[in-house]
Amino acid sequence: MAEAGLRLDRLAILGAGGPMLRLDLIVAPGEVLSVMGPSGSGKSTLLAAIVGVLPPEFRLEGRVLLDGRDLTALPPERRHVGILFQDDLLFPHLSVAQNLAFGLARPPRGAERAAAVEAALDEFGLAGYGPRDPATLSGGQKARVALMRTLLSQPRALLLDEPFSGLDAELRAQVRGLVIERARARGLPVLMVTHDADDAAAASGPVVRIGSDARAG
Amino acid sequence: MTEATRPGAALRVRPRRGRRGLHLLPAMTLAVMLGPVAAGLLGTLAPAFGILPAAGLVEPGLGAFRDLLGWPGLPRATLLSLWTGLAATAASLAIVTMIAACWQGTRTFAVVERLLSPLLSVPHAAAAFGIAFLIAPSGWVARVLSPWLTRWERPPDLLIVQDPAGLALIAGLIAKEVPFLMLMTIAALGQVEARRSVLVAQSLGYGRETAWLQVVLPRVYAQIRLPVYVVLAFSMTVVDVAVILGPNTPPTLSVQVVRWIGDPDLALRLRAAAGAVLQLALVVGALGLWRLGELAVAALGRRWVWSGRRGTSMRLVRPIAVAMAAGSGAAVLLGLAGLALWSVAGFWTYPDALPEGLTLRTWQRFAPALAETAAETGIIAAVATLAALVLTIGCLEAEHRYGLRMTRRAMWLLYLPLLVPQVAFLPGLQMLMLQAGASTGLDAVIAAHVVFVLPYVFLSLGDPFRAWDSRHGTVAHALGAGPDRVLWAVRLPMLLAPVLTAAAVGFAVSVGQYLPTLLIGGGRVQSLTTEAVALASGGDRRAIGAYALAQTAAALLPFALALAVPRLVFAQRRGLRHG
């Protein structure tokens with residue numbers, strides 16, 4: 001039977017100078033696993049490998065499984081792995097609604113899409129913001145739109161890359177809480193990389209440390 | 001190690017869809033760009049060494065070179081080519097260095113930056129005509145000073161334009177090459193953290209200019225070395241500017257080669273080929289000489305650094321730098337104003353500074369011919385630019401998708417069509433095409449233009465395309481978009497402004513081309529540039545004014561569009577408005 005959740009099966013990322021990262025773990029649905037490590041320890045590279053955009057100077061061994069499906073050879077757009085970065089990365093040439101529609105999975109089709117986008121805006125307390133230029137939103141609003149856009153694409157796992165570390169402390173806790181709550185509600189396995197102990201504590205899930213032995217030795 | 005032999009290579013995480021030949025594009029682009037250069041060089045070398053099968057010549061020999069050596073103008077033409085090229089390059093580089101060293105980070109520098117684009121887009125021929133109209137004995141400068149200062153009641157018999165030493169030619173080249181090198185320098189400055197380095201050096205007690213020359217210039221020069229070589233090769237071999245501003249008896253070597261090509265006498269065509277080969281050798285020699293100069297300056301620079309001399313007294317250079325830059329900019333802009341005035345001038349006697357009246361008669365007279373020529377110019381430029389843009393975006397996208405990196409050698413290849421003198425390979429290409437019975441019509445001209453448009457489009461778009469935050473692509477992929485959708489729906493719209501700017505650059509480059517249109521068009525393709533240059537010997541100032549102005553407009557208009565369109569399309573998108 002297929003195992004639910006995000007599994008890194010004897011995953012190793014090899015750089016030019018040899019292995020830089022080895023992980024073997026599973027993130028259960030609704031669980032938030034934090035990967036902690038200093039900058040340069042390969043946290044973002046790990047996420048790039050799971051999403052499927054590992055730069056060619058790195059090599060991957062092992063497998064990435066999502067709900068039992070082997071993702072390793074799939075192109076990123078067919079993996080159904082959502083990712084949120086520390087910046088909102090809303091597409092600057094599209095309106096808020098167009099950004100959401102870009103993410104929104106099909107179906108719905110046709111006129112139903114507009115309704116789905118409206119509903120999402122409503123749900124996140126941003127009703128009427130559809131035609132707005134994303135650059136005119138506040139930091140917290142942008143973060144919410146980015147989360148919304150990702151969730152509308154119906155991901156089956158969520159990756160967080162130093163999520164929202166550009167926001168001030170209070171807002172950050174708020175947005176982080178929202179992201180974790182929504183991901184849990186949908187039963188998504190969440191893998192978060194961070195160098196901030198607060199993030200890991202807020203996630204109240206398992207913590208994996210990487211890159212520390214290189215430093216100690 | 002190849003992919004197959006690497007352990008675990010099968011597990012390489014990479015999008016494998018959407019290949020469809022995209023990975024072949026870089027090679028194809030190189031072929032489109034360098035194929036004509038290589039073929040043309042062969043087509044020049046063969047007749048230079050006596051082989052011209054079309055004329056029944058199959059025995060290699062040195063007759064063409066002996067004939068060339070027998071031409072009495074050769075020493076002077078050769079010297080002129082070397083002297084004008086080296087002097088124009090050295091002076092342009094000196095002006096740019098002075099401006100950057102003295103004024104980087106100041107408001108003056110910001111003004112210089114803003115004036116760059118319009119100055120750059122003025123075609124060489126139009127700028128040269130404008131300068132000729134300014135400095136000629138009957139030009140604007142002389143008129144403004146006459147007769148109250150000079151006591152000239154009629155134009156003096158002085159050879160200011162087309163002077164035998166090539167000074168007017170050098171001045172014309174400097175006016176156009178300073179903006180080009182300035183642009184390249186500004187781009188390089190962004191990459192070397194120049195202001196912080198200068199600040200550190202200043203805190204160690206160095207004056208601003210000394211600091212710039214010692215800690216910034218070496219790094220900036222490493223970045224602009226290839227553009228400097230392009231300026232040197234171009235200045236030595238340019239034809240249109242030299243026809244307008246350069247000496248006549250003899251002219252520079254490249255102009256003489258083009259004259260021989262135009263001669264029906266077969267012997268002169270062989271001599272032209274030999275001359276083209278000599279011109280190529282001259283450029284290679286001059287580049288070598290320049291390289292030696294670089295090494296010498298670098299050695300002096302190292303001694304200067306070691307001496308620890310603070311050199312705080314370079315304030316005097318600042319006004320000189322501004323005067324030089326302002327002078328070269330003003331020469332182009334005032335020249336254009338002069339062209340515009342002549343094109344609408346009624347009766348205009350010497351030494352009046354202004355015509356007695358303004359009339360549209362010149363424009364009415366040339367309107368039909370101008371419209372036809374402008375349309376042909378526009379078609380050539382539009383198709384060549386579109387082709388270059390497609391190839392460039394394809395190459396950059398292939399680079400992005402397959403993780404290719406542009407090596408130093410690839411950079412040289414990109415610059416190669418700009419380094420090899422046009423006069424060295426275009427005649428060969430023309431002869432090859434004639435021998436092959438190929439048409440020398442519009443399509444051939446467009447293909448020849450692509451050779452020169454492509455490098456500039458690539459250089460213009462490459463940096464912004466690579467600087468795009470690829471996390472936008474990651475997010476879009478994660479949202480379910482394939483590589484093509486990411487390119488068309490995210491990347492290109494976000495890069496609309498730089499794409500249009502690159503297109504405008506390409507268009508302007510094509511509009512300014514002279515030799516490719518003249519030689520590959522076989523006299524049957526007329527552009528605004530070939531027509532304007534053809535007017536040079538006639539001396540009809542009103543006609544020259546109209547044609548040169550139309551040529552400038554054709555180059556300038558796309559830049560205006562490239563600025564305006566993104567502002568209109570993205571009027572409601574603040575995130576895209578800067579840059």
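1. In this predicted model, the side chain of B:T84 comes within 2.7 Å of the backbone oxygen of B:L80. A polar atom of that B:T84 side chain also lies 3.4 Å from the backbone oxygen of B:S81. B:T84 belongs to helix α3 of chain B, which covers residues 74–103.

2. The surroundings of B:T84 deserve a separate remark. Its relative accessibility is 0%, so B:T84 counts as buried. Leaving aside residues up to four places away in sequence, B:T84 touches B:G166, B:L169, B:I170, B:L173 and B:S235.

3. Chain B is assigned two domains: domain 1 comprises 19–52 + 360–579, and domain 2 comprises 73–340. Taken over C-alpha atoms, the centres of domain 1 and domain 2 of chain B are separated by 24 Å. Contact between them involves 39 residues of domain 1 of chain B and 40 residues of domain 2 of chain B.

4. The area buried between domain 1 and domain 2 of chain B is about 3400 Å², and carbon and sulfur atoms give 80% of this area. Three residues, B:L419, B:V423 and B:R541, supply 18% of the area that domain 1 of chain B buries against domain 2 of chain B, more than any other three residues. Across this domain interface there are zero salt bridges. Polar contacts between domain 1 and domain 2 of chain B amount to three residue pairs, with both residues at pLDDT 80 or more.

5. Several helices build the side of domain 1 of chain B that touches domain 2 of chain B. Those that each supply at least two residues are α1 (25–48), α15 (408–419), α16 (422–435), α17 (442–467), α21 (515–520), α22 (528–534) and α23 (541–569) of chain B. The most comes from α23(B), with ten residues. By residue class, this side of domain 1 of chain B divides into 30 nonpolar, seven polar and two charged residues.

6. The interface between the chains is the next point. The contact takes 40 residues from chain A and 35 residues from chain B. Chain B and chain A bury about 3200 Å² between them, with 63% of that area given by carbon and sulfur atoms.

7. One salt bridge is found across the interface of chain B and chain A. A:D87 and B:R471 form a salt bridge in which the closest N and O atoms are 2.6 Å apart. Between chain B and chain A, five residue pairs are in polar contact, both residues being at pLDDT 80 or more.

8. On the side of chain B that touches chain A, the elements giving two or more residues are α18 (471–478) and α19 (483–494) of chain B. The largest share of this side, seven residues, is from α18(B). The residues on the side of chain B that touches chain A comprise 16 nonpolar, nine polar and ten charged.

9. Over all chains, the structure holds 22 salt bridges. One of them joins B:E209 and B:R318, with an N to O distance of 2.4 Å. This pair links distant parts of the chain, 109 residues apart: B:E209 is in helix α9 (residues 208–237) of chain B, and B:R318 is in helix α13 (residues 317–343) of chain B. Both B:E209 and B:R318 are buried.

10. In chain A, the side chains of A:D196 and A:R172 form a salt bridge with an N to O distance of 3.3 Å. A:D196 lies in the loop between β8 (190–194) and α6 (197–203) of chain A, whereas A:R172 is in helix α5 (residues 169–185) of chain A, so the pair ties together parts that are 24 residues apart in sequence. With a relative accessible area of 22%, A:D196 is partly exposed, while A:R172, with a relative accessible area of 13%, is buried.

11. A further salt bridge in chain A pairs the side chains of A:E3 and A:R7, at 3.2 Å from N to O. A:E3 has 36% relative accessibility and therefore counts as partly exposed. A:R7 has 22% relative accessibility and likewise counts as partly exposed.

How values were computed
Residues numbered from 1 in each chain as written. Chains lettered and ligands numbered in written order. Predicted model: local features only at pLDDT ≥ 70, side-chain atom pairs only at ≥ 80, totals over all residues. Heavy atoms only, no water. Contact = heavy atoms within 4.5 Å. Buried area = accessible area lost by both parts, 1.4 Å probe. Salt bridge = Lys/Arg side-chain N within 4 Å of Asp/Glu carboxyl O. Polar contact = N/O pair within 3.5 Å; in protein donor to acceptor, adjacent residues only side chain to side chain. Helix = DSSP H or I, 4+ residues; strand = E, 2+ residues; numbered from the N terminus. Nonpolar A, V, L, I, M, F, W, Y, C, P; charged D, E, K, R; others polar. Domains from an automatic or database assignment. Buried < 20%, exposed > 50% of the residue type's maximum accessible area, 1.4 Å probe, protein only.
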